[in-house]
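Me: I would like to go through this model and ask what the terms rest on. Please set each value against its definition.

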Amino acid sequence: MLLMSTLGSCSPTSKTDCGFIIKGDIVTVTDSLNQEITFDKIPTNVVFLQSSLAEPWLLCEGSIKGICGDFKEYELDSKYGIDESNTVIVGNSAHSPDKAKILACKPDVVFYSPDISTQREVAVGIVEAGYKVCAVKIDNFSDYYRTLSQYSAILTHEEKSHYVIEYGDEVKAKIEAIKIKAKAKQSDAIIFRARSSGYTIFREEADHFALEIFKDLNITNKADITWNAKAFDFSKLLNSNPAYIFYFYMGINTEEAVEKYLDENVRSNPIWEKLSAVKNDRVKILEQKYFHYKPNQNWDKAYEEVYNIVYGE
């Protein structure tokens, strides 16, 4: 237990603030909305309104009282033993939190995503009822590392626990090694998320963390902000003619329905067969668990998958 005030270091190679201060038995974290939340004890009645935000907590062996019903999509049942017999289900999904069920947990803290409107609305009611909330965003590896570090500080009162070393620093080292290999290489691509009734093309880094991975691996995104994100302009697509086309599935067991939609609405266009990526068998499906969901402690594997496809290792 630390007996002095320490400022958490958020990187194994820099002094970037990780947003927490430990002072004796008191831990104060700064959340994703720049709000300070103070913990004077290790929380046990903890509720998560989004399953992806819960995994770093579970990696630090934190206990969970309540979680949204999509935890099985994130394999929290098989990996961490979360199920209906030991955890309160506080909503069918991350988009439908049930305030009454959350308050029934008498939570020490509720972690939520400020990007989801229904969660923001429920968070207001939770605060009004006298309980703590903490906003968490994980949009890239740095966010994940910060979140892991804060959770670890809350649970262990250590500036850098073995959880951060194993699930943060070691992952970071693997990512840096992949980035070093990519320095002398260059390629280009586009990427989209596909569902059974449509798709979304990612045009700028804010759209999806995959584009940050592209940037780190010297892969130019050939889609830009002038593109319609919901429908290909095939003349623009042919003009950009990316070396690779990536996509990943949205939803559980949707592969057949997605492929049917793409056959009817994308591949049926005669320009599709003219694309370099199609001619050279470079239309690739990325792992859903790394790209649709948050990769968390597997962030290096998301980098590795793209690197191996594009640069042939």
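Reply: One definition comes before the rest: buried means under 20% relative accessible area, exposed means over 50%, and partly exposed lies in between. Keep in mind that this is a predicted model. In strand β11 (residues 198–201), Gly198 and Thr200 point one way, Tyr199 and Ile201 point the other way, and all are buried.

Me: What makes aspartate 224 partly exposed?

Reply: Its relative accessibility is 33%. Partly exposed covers what lies between the buried limit of 20% and the exposed limit of 50%, so aspartate 224 counts as partly exposed. The residue sits in the loop between β12 (219–221) and α8 (234–240). Its C-alpha atom is 9.5 Å from that of isoleucine 190, a residue 34 places away along the chain.

Me: How do you know that β10 and β11 pair?

Reply: Pairing needs at least two bridges between two strands. Strand β10 (residues 187–195) is joined to β11 by 4 bridges, so the two count as paired, and they run antiparallel. Phenylalanine 192 stands opposite isoleucine 201 in β11. The two strands form a hairpin, with 2 residues between them.

Me: Which other strands are joined by 4 bridges, and how do the side chains of β4 point?

Reply: Strand β3 (residues 26–30) is joined to β4 by 4 bridges, again antiparallel. Valine 27 has phenylalanine 39 in β4 as its bridge partner.

Me: Why is a group of residues called a nonpolar core?

Reply: The name applies because its members are buried residues of the nonpolar kinds listed for a core, joined through side-chain atoms within 4.5 Å. The largest such core has 65 residues, and Phe48, Phe111, Phe291, Trp299 and Val306 have the most contacts inside it. Helix α5 (residues 141–156) gives the largest share, 8 residues. A second, separate core of 22 residues includes Phe192, Ile201, Tyr247 and Ala277.

Me: What lines the largest cavity?

Reply: Its lining is Phe192, Tyr247, Leu262, Val266, Arg267, Trp272 and Val283. These divide into 6 nonpolar, no polar and 1 charged. Arg counts as charged, so Arg267 is the charged one. The volume of this cavity is about 30 Å³.

Methods: Residues are numbered from 1 along each chain as its sequence is written. This is a predicted model: local features need pLDDT of at least 70, side-chain atom pairs count only at pLDDT 80 or more; totals for chains, interfaces and linings use all residues. Side-chain values use heavy atoms; hydrogens and water are left out. Buried means under 20% relative accessible area, exposed over 50%, partly exposed in between (1.4 Å probe, protein chains only). On a 1 Å grid over the protein atoms alone, a cavity is a set of points where a 1.4 Å probe fits but cannot get out, and a pocket is an open set with protein on both sides within 12 Å along at least five of seven lines; lining residues have an atom within 4 Å of a point. Grid points are joined across faces, edges and corners, and a volume is the space filled by probe spheres set on the points.
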